[in-house]
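Hello,

Here is the structure I promised to pass on to you. Please have it open while you read, and my notes follow below.

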Amino acid sequence: MNKRIKFSGKQPEKIIVAVLALVISLSLIQINIYPPVAGRAGASSVSSASSGATRWGLEKIKAKDAWKITQGSDEVVVAVIDSGIDRSIPALKNRMWKNSDEVPGDGIDNDNNGYVDDLSGWDFRDGDSLSNSGRSLHYHGTFVGGLVSSSYDRNTGSGGVAPHVSIMDLRFLDSAGRFFTSDWRKLADAIDYAVDNGADIINLSIYANITPPELVHDALERAESEGVLVVGIAGNSGKRVGYFGKWEEVFTVGSIDKSGRVSNFSNYGSEVELVAPGNDVLSYRPGGNLATGSGTSFAAPHVAGTAALILSRNSDIGLSQLKRTLRKSARDIGRSGKDQSSGYGIIDTNRSLGKITEADQIEPAEVNTKTKEKIKEGEFSRSPESVTFEAPGGRTFRTSLDI
Ligand SMILES: [Ca+2]
Ligand SMILES: [Ca+2]
Ligand SMILES: [Ca+2]
Ligand SMILES: [Ca+2]
């Protein structure tokens with residue numbers, strides 16, 4: 001009976017050698033499967049929230065004062081291209097963008113946009129409609145999404161800058177917060193998705209450690225020409241700004257700490273537009289627990305959220321007016337005027353809403369003849385870089401003057 005488990009001579013050693021060979025060959029296959037890492041989530045650290053951890057950033061940027069003017073409109077959409085968002089968290093689930101032309105779960109691409117059942121965005125990592133399904137979520141996207149728009153919790157003081165705007169969830173990073181040299185097309189597709197499906201703002205808290213190909217640059221240029229604000233990050237290596245923040249189409253944000261000083265990790269350069277809270281910032285992890293994190297990744301959503309509040313107050317404002325409003329309302333720090341480490345200064349959400357009246361003034365030189373004609377025909381309402389029209393369903397759309 002026991003004969004079959006009886007080994008003789010050197011058989012056990014042979015088995016060990018065979019198992020080792022199998023492990024080595026599997027790890028070699030693994031190396032072959034994964035191309036080189038091309039970039040990552042732009043966070044420098046994250047840890048469990050200590051008791052008494054505060055959401056100091058909301059005070060620093062005067063968000064609560066701004067909320068007396070507006071807490072945001074759900075018509076304003078911020079696309080978060082990141083590692084995916086846990087849409088089941090109570091503070092976030094009602095903030096998700098709803099693609100009203102798509103019927104969820106019927107396996108049909110009802111709105112014919114090329115994506116089946118894309119109710120709140122698309123998971124470009126798994127190639128499916130849900131971040132919560134398939135490969136496990138890295139914390140980064142949920143954390144960033146929560147900083148843009150999550151309900152304010154009086155007990156913990158946690159909450160997003162623009163608590164009533166909508167978040168479009170575009171998952172791009174893998175479960176370890178990385179992307180690979182084989183993923184550039186996915187990133188361009190995610191940017192295109194945001195632009196084509198009505199996002200007003202894209203938050204891109206991601207950096208590339210190699211020069212990205214033109215196809216990504218082309219997608220960002222198209223976002224800009226369609227009037228979509230792309231908020232990006234300075235990066236966390238304490239060096240010069242790299243990609244994607246290096247590109248002109250990206251509105252690049254650096255980080256400050258609680259005392260209002262530029263974080264020591266925050267990259268510098270003429271590309272830095274503004275700084276925002278990015279040290280020990282409080283937000284949600286997948287599952288709903290609060291955590292504190294540091295990185296320019298967490299500064300950017302403060303700017304994206306502020307831009308969303310500005311657009312909530314005035315949906316007709318054009319892209320360059322929007323950028324100008326953000327810059328003009330910033331509180332200058334460091335060397336007088338714009339500088340390499342803090343740009344125009346610390347974002348001030350309350351002042352940026354106050355600046356709308358001034359930015360509302362249409363500058364006639366910026367309106368081209370073609371648009372003037374259309375305005376005369378009563379077809380569009382106007383703003384310098386974009387035109388707005390109302391669809392039969394009552395939904396408004398903005399489009400660039402350049403097309
Ligand atoms: Ca669809
Ligand atoms: Ca469907
Ligand atoms: Ca998925
Ligand atoms: Ca300055």
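**A parallel pair and a buried loop residue**

Val-253 stands opposite Leu-274, which belongs to β11. The strands in question, β10 (residues 250-256) and β11, run parallel and are joined by five bridges; two strands pair if DSSP finds at least two bridges between them. Helices (H or I, at least four residues) and strands (E, at least two) are DSSP runs, numbered from the N terminus.

Before I go on, two notes on conventions. This is a predicted model, in which local features need pLDDT of at least 70 and side-chain atom pairs count only at pLDDT 80 or more, while totals for chains, interfaces and linings use all residues. Residues are numbered from 1 along each chain as its sequence is written, and chains are lettered from A and ligands numbered from 1 in the order in which they are written.

Strand β11 (residues 272-277) is mostly covered, with six of its six residues buried. A residue is buried if 20 or more other C-beta atoms lie within 10 Å of its own, exposed if 12 or fewer, and partly exposed in between, with C-beta atoms placed from the backbone.

Val-241 sits in the loop between β9 (229-233) and β10. Why does Val-241 count as buried? Because 26 other C-beta atoms lie within 10 Å. The C-alpha atoms of Val-241 and Asn-267 are 5.3 Å from each other, although these residues are 26 apart along the chain. Leaving aside neighbours within four places in sequence, the contacts of Val-241 include Lys-246, Thr-252, Asn-267, Tyr-268 and Val-272; a contact here has C-beta atoms, placed from the backbone, within 7 Å.

**The open sheet**

Another part to look at is an open, antiparallel sheet of three strands in the order β2-β13-β12. β2 (45-48) and β12 (281-284) are at the edges with a single partner strand each, so one side of each has no neighbour in the sheet. On average, neighbouring strands of this sheet are turned by 35° against each other, direction ignored. Four bridges pair β2 with β13 (residues 290-294) in the antiparallel sense, and Val-46 stands opposite Gly-293 in β13. Helix α5 (residues 140-148) packs on the sheet and touches β12 and β13, its direction making about 110° with that of β12. Axes are lines fitted to C-alpha atoms, for helices over the stretch in contact, and angles run from 0 to 180 degrees between N-to-C directions.

**Helices that pack together**

α5 also meets α8: their axes come within 8 Å and cross at roughly 35°. Residues making this contact include Phe-143 and Leu-147 of α5, and Phe-298 and Pro-301 of α8. By class, the contact of α5 with α8 has seven nonpolar, four polar and no charged residues. Ala, Val, Leu, Ile, Met, Phe, Trp, Tyr, Cys and Pro count as nonpolar, Asp, Glu, Lys and Arg as charged, and the others, Gly among them, as polar.

Helix α8 (residues 296-313) packs with helix α9 (residues 319-328) as well, at an angle of about 120° and with the axes 11 Å apart. There, Val-303, Thr-306, Ala-307 and Ile-310 in α8 meet Leu-322, Thr-325 and Leu-326 in α9. This contact has five nonpolar, two polar and no charged residues.

**The whole chain**

The protein chain has 12 helices and 16 strands, and 49% of its 403 residues count as buried.

Definitions and conventions
Two residues are in contact if their C-beta atoms, placed from the backbone, lie within 7 Å.
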